[in-house]
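Visitor: I'm new to this one. Can you walk me through it?
Guide: Gladly. Here it is.

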Amino acid sequence: MTTPQAGPVLLYDGECGLCNRVVRRLLALDREGKLRFAPLQSPSAQAYLRAHGLPTEDFSTLVFVPDWPVNVAPPQLRTDGVIAALRAAGRPGLAGLLAVFPRGVRDAGYKLVARLRYRIFGPWRACPLPRPEWSARFVE
């Protein structure tokens, strides 16, 4: 784990099996290594959430921070955050596919999956990252 560098950071539920799988997929897709990650439960993510008036106990909402640690631009939540993360990872085509659907429809699907994710995917069982160099991409 390293000190935060400037750039986009995705805050995710660090205890969720689905969320951790999505993070690993984004790590693989982001060949330039631009996108960084932090669990919502981490001290730095909790400080960010408090500073921006976002819930600190709701781990079902993914938060994309476009300019960590500067924090000038507003965060993007749920599917807007997913789309922004895909763009930051250099995958505008995938982002565009999601963006075709109206936010209300996307977020309704997101909330349904968020409600069922622990039942379907279970909690995350910590295991080593497939690539050691990926550990530098986590804020903490």
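Guide: One term to begin with: the radius of gyration is taken over C-alpha atoms, and the globule rule is 2.2 Å times the number of residues to the power 0.38. Also, this is a predicted model, where local features need pLDDT of at least 70, side-chain atom pairs count only at pLDDT 80 or more, and totals for chains, interfaces and linings use all residues. Residues are numbered from 1 along each chain as its sequence is written, and side-chain values use heavy atoms, with hydrogens and water left out.

Visitor: So what radius of gyration does the protein chain have, and what would a compact globule have?
Guide: The protein chain has 14 Å. A compact globule with 140 residues would have a value near 14 Å, so the two agree.

Visitor: What box do the C-alpha atoms fill?
Guide: Roughly 35 × 35 × 30 Å, taken along the principal axes.

Visitor: How many helices and strands are there?
Guide: The protein chain has 5 helices and 4 strands. Both are DSSP runs, numbered from the N terminus: helices are H or I with at least four residues, strands are E with at least two. From the N terminus on, the order is β-α-β-α-β-β-α-α-α.

Visitor: How do the strands line up in the sheet?
Guide: The sheet is open, has 4 strands and runs S2-S1-S3-S4 with mixed pairing. Two strands pair if DSSP finds at least two bridges between them. S2 and S4 (76-77) are the edge strands, each pairing on one side only.

Visitor: Which way does S1 pair with S2, and which way with S3?
Guide: S1 and S2 (residues 36-39) run parallel, joined by 4 bridges. S1 and S3 (residues 63-68) are antiparallel, also over 4 bridges.

Visitor: Which residue of S2 does Val9 stand opposite?
Guide: Arg36. In S3, the bridge partner of Val9 is Val65. Leu10 stands opposite Phe64 in S3, and Tyr12 stands opposite Pro39 in S2.

Visitor: New topic. How much of the chain is buried?
Guide: Buried residues make up 41% of the 140 residues. Buried means under 20% relative accessible area, exposed over 50%, partly exposed in between, with a 1.4 Å probe and protein chains only. Strand S1 (residues 7-12) has 6 of its 6 residues buried. In S3, 5 of the 6 residues are buried, so this strand is largely enclosed by the rest of the structure.

Visitor: How many residues are in the largest nonpolar core?
Guide: It has 24 residues. A nonpolar core is a set of buried Ala, Val, Leu, Ile, Met, Phe, Trp, Tyr and Cys residues joined through side-chain atoms within 4.5 Å. Leu10, Leu26, Leu35, Phe37 and Phe64 have the most contacts inside this core. H1 gives the largest share, 6 residues. Another core lies apart from it, with 12 residues, among them Ala38, Ala45, Val63 and Val139.

Visitor: What does Phe64 touch?
Guide: Leaving out residues up to four places away in sequence, its contacts (heavy atoms within 4.5 Å) include Leu10, Leu35, Pro75, Ala84 and Ala88.

Visitor: Which residues of H3 are buried?
Guide: Thr79, Gly81, Ile83, Ala84, Ala85, Leu86 and Ala88. The buried residues of H3 pack against S1, H1, S3, S4, helix H4 (92-99) and H5. After H3 comes Gly90, whose phi is positive, near 80 degrees.

Visitor: How many aromatic pairs are there?
Guide: The structure holds 2. Rings of Phe, Tyr and Trp (its six-membered ring) pair if their centres lie within 6.5 Å; planes under 30 degrees apart count as stacked, over 60 as edge-to-face and the rest as tilted. Phe37 and Phe138 form a tilted pair, 5.6 Å centre to centre with 35 degrees between the planes.

Visitor: Why does that pair tie together parts 101 residues apart in sequence?
Guide: Because Phe37 lies in strand S2 and Phe138 in the segment after helix H5 (103-121). Both Phe37 and Phe138 are buried.
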